Amino acid sequence: MYMINSVSDEDIPNFLTPHSFIQTLRSTESLISTNERESYIVIGFRGTNEVLDIIIALFGGHIAGPYGPSGNIQKEAGLVCSGFNRNLQYEVYEWMRRELKMLIDKHPTYDVYITGHSLGGALSILSTELALDFPEKNITCVTFGAPRCTQNEFKMWKRREIPNCSIWNIVYGADPVARVPASWRGYTHAGHLIQLEEDGATAYFQNTGDHIYEGIPSEWNDRRGSITANHIIQVYKEYFETKSFTDPLKYYVDDFLRKSDDINCHHINLLANIMMMR
């Protein structure tokens, strides 16, 4: 959730120890760090910090292509946003896998998290292929205001092939970036979705629900607020600092919305570390 430009950047929070940073020609930026106190490794992708990036997320990036690098396509994962996949697989993935292996060898008991805001969230989701290389590790992907970047085949492939990986998409209010590309193009959020509102938070199982849990309501896709009021990272950060951490009984969730539940939310004991990784 931080705008980092190097392993020595002063914006790196003091509870993280930075290990490696990459910035590619396509402006993809990622930082790999550890937290010795909480025993985890975190791969963070730069969030959206330019209006042009947000416009691309809203109106572009919907062209679908196969998932994975050209020499190792995961055909059963279906189609994903080709631009995001290209930026990740051809510029970052091998660096990320190499650095992660070094840290896992050094800290074999550490948990692994992958996170990012906006476009960084999309890259985080596509990075979950790392779970294939490290089947012994539980890998948790947490995104904030990420655009859709996968289709339903990816969700099924992930649940079948990398059960050691979980994906949590956190969306505030009417964040417009989280609602593109349009669902009628075949795109859906992989993993679970946590909707943050001013009056509470709700968790939706696998985004679409099942015979026990509710999926997101049909009107969810039609909500399109302003970027400033719903998408920028400061909005998410302020929500956690002023609501989730101060009133967890109301602004955290510890279960998915069930078909027999109302929309009121529950107390959390599950996602405190996942969402802010403290």
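A residue counts as buried when its relative accessible area is under 20%, and in this predicted model Q206, at 7% relative accessibility, therefore falls into the buried class. Q206 lies in the loop between β12 (200–204) and α7 (227–230), and although Q206 is not a glycine, its phi is positive, at about 50°.

S118 also has a positive phi without being a glycine, in this case about 60°. This serine is found in the loop between β6 (111–117) and α4 (119–126), and S118 counts as buried because its relative accessibility is 0%. Most residues other than glycine have a negative phi, and most peptide bonds are trans. The peptide bond from V180 to P181, by contrast, is cis, with omega near -10°, and P181 sits in the loop between β9 (165–172) and β10 (187–188).

E29 is placed in strand β2 (residues 29–35), and its side chain is joined to that of Q23 by a polar contact of 2.8 Å.

| Residue | Relative accessibility |
|---|---|
| E29 | 8% |
| S118 | 0% |
| Q206 | 7% |

Leaving aside residues up to four places away in sequence, L130 touches I43, Y93, M96, R97, L100, I114 and I139.

How values were computed
Residues are numbered from 1 along each chain as its sequence is written. This is a predicted model: local features need pLDDT of at least 70, side-chain atom pairs count only at pLDDT 80 or more; totals for chains, interfaces and linings use all residues. Side-chain values use heavy atoms; hydrogens and water are left out. Contact means heavy atoms within 4.5 Å. Helices (H or I, at least four residues) and strands (E, at least two) are DSSP runs, numbered from the N terminus. Buried means under 20% relative accessible area, exposed over 50%, partly exposed in between (1.4 Å probe, protein chains only). A polar contact is a pair of N or O atoms within 3.5 Å; within protein, one must be able to donate a hydrogen and the other to accept it, and residues adjacent in sequence count only if both atoms are side-chain atoms.
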